[in-house]
Amino acid sequence: MCEALADFADLKSARRGRHSHTVASLAARAASGLGLPAAEQERLRRAGLVHDLGKIVVPNRLLEQLGDDTRPASRREGAAALTEPVRLHPYYAQRILSRVRPLADLAADVGAHHERLDGSGYPLGSAAPDIPTGARVLAAADVWAERARHGPPDLTRDDGLDLACIAALRSRPRPGASPPRQRPRTDPGRPALTSRELEVLQLLTDGASNPDISKSLHISRRTTEHHVEHILTKLELTSRTAAVAYALTHELLA
């Protein structure tokens, strides 16, 4: 159930790929590094899967404005400042989970995963004494996963994160550290996508229009249209939305 909810939540921010699954793996590894019991490691893995469930309530345009900024809410300015719906997404997730009996034990930690030890987080602005260990683990895993998309993450106390959780993450192998998948890749029996088609598919996943893709790849709009048509034909799909969902579900993109 948690894995299905993770896939659903990640469709709201498709540019981040399987972010929730990465956070889940990191949370379990950090819990192990902290010496937490096996049952707690598994519970935090499940909490990682559903930590962003509240984003299903937030309009896409607001999530797009958020971008990749992982600074504490109190340190954002201008366009990077968080709107109330974004700041409330942990609360929305907590409300949802608290109403599902098998997942109710995840609600409190998920609801506090954007709180920071120095009180700069949200939605409540809680500080160190009021933030449970599980929420601290999720917070560190979430920021680590986001920053690791752009290179080795550099997390410090200035991020309002628990240093013990950061140390546990640094001492464990990072998810994805194994040899990368070979590309291009599709399901057996279906024609493989070319490198250029994978680039187009990645941009589709980021929400780019055909003119956006043409500009990013320095190709004509007609060439872009051909690439999109070829992708849909090869994947045996009929819409761009279906292609994005298929790419995420089958992990076609690195």
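pLDDT is the predictor's confidence in each residue, from 0 to 100. I started there: the chain averages a pLDDT of 83, and 84% of the residues score at least 70.

**Ground rules.** This is a predicted model, so I noted that local features need pLDDT of at least 70, that side-chain atom pairs count only at pLDDT 80 or more, and that totals for chains, interfaces and linings use all residues. Residues are numbered from 1 along each chain as its sequence is written, and side-chain values use heavy atoms, with hydrogens and water left out.

I looked for runs with pLDDT under 50. Residues 76-80 form such a run, and the model gives them 10 contacts beyond four places in sequence. A contact means heavy atoms within 4.5 Å. Residues 174-186 also stay under 50, with 24 contacts beyond four places in sequence.

**Main core.** I next looked up the nonpolar cores. Such a core is a set of buried Ala, Val, Leu, Ile, Met, Phe, Trp, Tyr and Cys residues joined through side-chain atoms within 4.5 Å. Buried means under 20% relative accessible area, exposed over 50%, and partly exposed in between (1.4 Å probe, protein chains only). The largest core has 35 residues, and Val 50, Leu 97, Leu 106 and Val 110 have the most contacts inside it. Two or more residues come from each of α1 (2-10), α2 (19-33), α3, α6 (89-98), α7 (107-111), α8 (133-147) and α9 (163-170). Here helices (H or I, at least four residues) and strands (E, at least two) are DSSP runs, numbered from the N terminus. The largest share of this core, eight residues, comes from α8. Apart from this core lies another, of 20 residues, including Leu 193, Leu 203, Ile 213 and Leu 235. In soluble globular proteins, nonpolar side chains tend to be buried together.

**Helix α6.** I picked out Leu 97 for its contacts. Not counting residues up to four places away in sequence, Leu 97 touches Val 50, Leu 53, Leu 103, Ala 104, Leu 106, Ala 107 and Val 110. Which residues of α6 are buried? They are His 89, Pro 90, Ala 93 and Leu 97. Seen down the axis of α6, these fall within an arc of 100°, so they line one face of the helix. The arc is that of the directions from the helix axis to the C-beta atoms. The cover over the buried residues of α6 includes α5 (84-87) and α7.

Lys 55 is in the loop between α3 (38-49) and α4 (60-66). Is Lys 55 buried or exposed? Lys 55 counts as buried, at 6% relative accessibility. Beyond its neighbours within four places in sequence, Lys 55 contacts Lys 12, Ser 13, Arg 16, Leu 63 and His 89.

Glu 115 lies in the loop between α7 and α8. It is buried too, at 3% relative accessibility. Among the residues Glu 115 touches, leaving out those up to four places away in sequence, are Gly 121, Tyr 122, Pro 123, Ile 131 and Ala 139.

**Cavities.** A search of the whole structure gave me two cavities of 30 Å³ or more. On a 1 Å grid over the protein atoms alone, a cavity is a set of points where a 1.4 Å probe fits but cannot get out, and lining residues have an atom within 4 Å of a point. Grid points are joined across faces, edges and corners, and a volume is the space filled by probe spheres set on the points.

**Backbone checks.** Most residues other than glycine have a negative phi, and most peptide bonds are trans. The Tyr 122 to Pro 123 bond is cis, with omega near 10°. Pro 123 is in the loop between α7 and α8. His 218, not a glycine, has a positive phi of about 60°. His 218 sits in the loop between α11 (210-217) and α12 (221-235) and is exposed, with a relative accessible area of 73%. Glu 236 has a positive phi near 60°. Glu 236 is in the loop between α12 and α13 (240-249) and is exposed at 57%.

**Helix α10.** Buried residues of α10 (residues 195-205) include Glu 197, Leu 201 and Thr 205. Their cover includes α11, α12 and α13. Gly 207 follows α10, with a positive phi near 90°.

Definitions and conventions. On a 1 Å grid over the protein atoms alone, a cavity is a set of points where a 1.4 Å probe fits but cannot get out, and a pocket is an open set with protein on both sides within 12 Å along at least five of seven lines; lining residues have an atom within 4 Å of a point.
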